[in-house]
Amino acid sequence: MQQETLERLHSRYLIQATWSASIREQLFDSIQIQGKDKVLEVGSGTGVVSAEISQRFSLESVGVDIDRSAVTFAHNNDPTSLYLAGDGNNLPFQPAAFDVAACHFLLLWVENPDKILAEMVRVTKPGGWILALAEPDYGGRIDYPRELETVGQGQIQALLDQGANPYLGRTLSALFHSAQLTEIRTGLLGGEWQGSIDEDQLESEWETLAQDLSDLLPADEIERFRRIDHEAWEMGTRVLFVPTFYAAGRAPL
Ligand SMILES: C[S@@+](CC[C@H](N)C(=O)[O-])C[C@H]1O[C@@H](n2cnc3c(N)ncnc32)[C@H](O)[C@@H]1O
């Protein structure tokens, strides 16, 4: 991937990470991540979450991603973590190498999320924690004004076309149970709409959306939805909720 694309992706991942910040805080606190030695993130992308983990908790943080260019970007951007190229289906680690294995916005993108989860379990110490920090479910998306439901449907189609599973979120609990994890807790991030719009965030969102929708809708229609969206945010009437699930469970003893 080109440097410019990686920088754009990095900005987007930074925004995504703000959406799930509260749940990361809660999960990290509840598993007492502070006292752990080694934490793995599978599908670490440009390193947003791995960098947060190593910098906040001064522990050994390792990120693995199948995309070499993302790994190089993350390495150059965050000297506090170790980044390796690798496939989550076949992690390049010995069994029980980590205290915690986490992922964030990964499982919807993979063909066999159960296989990735099984690998995360394999490389985690018995009794260690497996965390899926955020997995969206676009099938439960709520839009207001309702005209913008078309955008949501377009996004689902675009994700399907890219080989992703837009409905992954709702399967997370089943995936964790099938992986024989114990002390499983799953839930959903809440939503809150208040304050002024963040122009940069909205622009970044539409950059991705316009690209995703370009094969499905004519350009003037996309532009019309962009205007409706913008006006609704400005008036404070916009509601946009994509249910985003999380799950935590312990590797079997
Ligand atoms: C949406 S990005 C999320 C990046 C990062 N977790 C974050 O939240 O900022 C998903 C990442 O998963 C990686 N990925 C997809 N399939 C993978 C696999 N089989 N093994 C490892 N990484 C994978 C992609 O290359 C991409 O960087």
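**Close-up views of a predicted model**

**View 1. Residues around the ligand.** The shell around the ligand divides into 12 nonpolar, seven polar and three charged residues (Ala, Val, Leu, Ile, Met, Phe, Trp, Tyr, Cys and Pro count as nonpolar, Asp, Glu, Lys and Arg as charged, and the others, Gly among them, as polar). This is a predicted model, in which local features need pLDDT of at least 70 and side-chain atom pairs count only at pLDDT 80 or more, while totals for chains, interfaces and linings use all residues. Residues are numbered from 1 along each chain as its sequence is written. Of the 22 residues around the ligand, those that come nearest are Tyr-13, Gly-43, Gly-45, Asp-67 and Gly-88 (near: C-beta atom, placed from the backbone, within 6 Å). Helix H1 (3-19) gives the largest share of the shell, three residues.

View 2. Ile-23, Arg-24, Leu-27 and Phe-28 of helix H2 (residues 21-30) are buried (20 or more other C-beta atoms within 10 Å of the residue's own; exposed means 12 or fewer). They lie on the same side of H2 because they cover an arc of only 130° around the axis (taken from the directions from the helix axis to the C-beta atoms). Ser-22, Glu-25, Asp-29 and Ser-30, on the other side of H2, are exposed. After H2 comes Gln-32, with a positive phi near 55°.

**View 3. Contacts of Leu-40.** Neighbours within four places in sequence aside, Leu-40 is in contact with Val-62, Val-64, Phe-98, Ala-101, Ala-102 and Val-123 (contact: C-beta atoms, placed from the backbone, within 7 Å).

Key:
Two residues are in contact if their C-beta atoms, placed from the backbone, lie within 7 Å. Helices (H or I, at least four residues) and strands (E, at least two) are DSSP runs, numbered from the N terminus.
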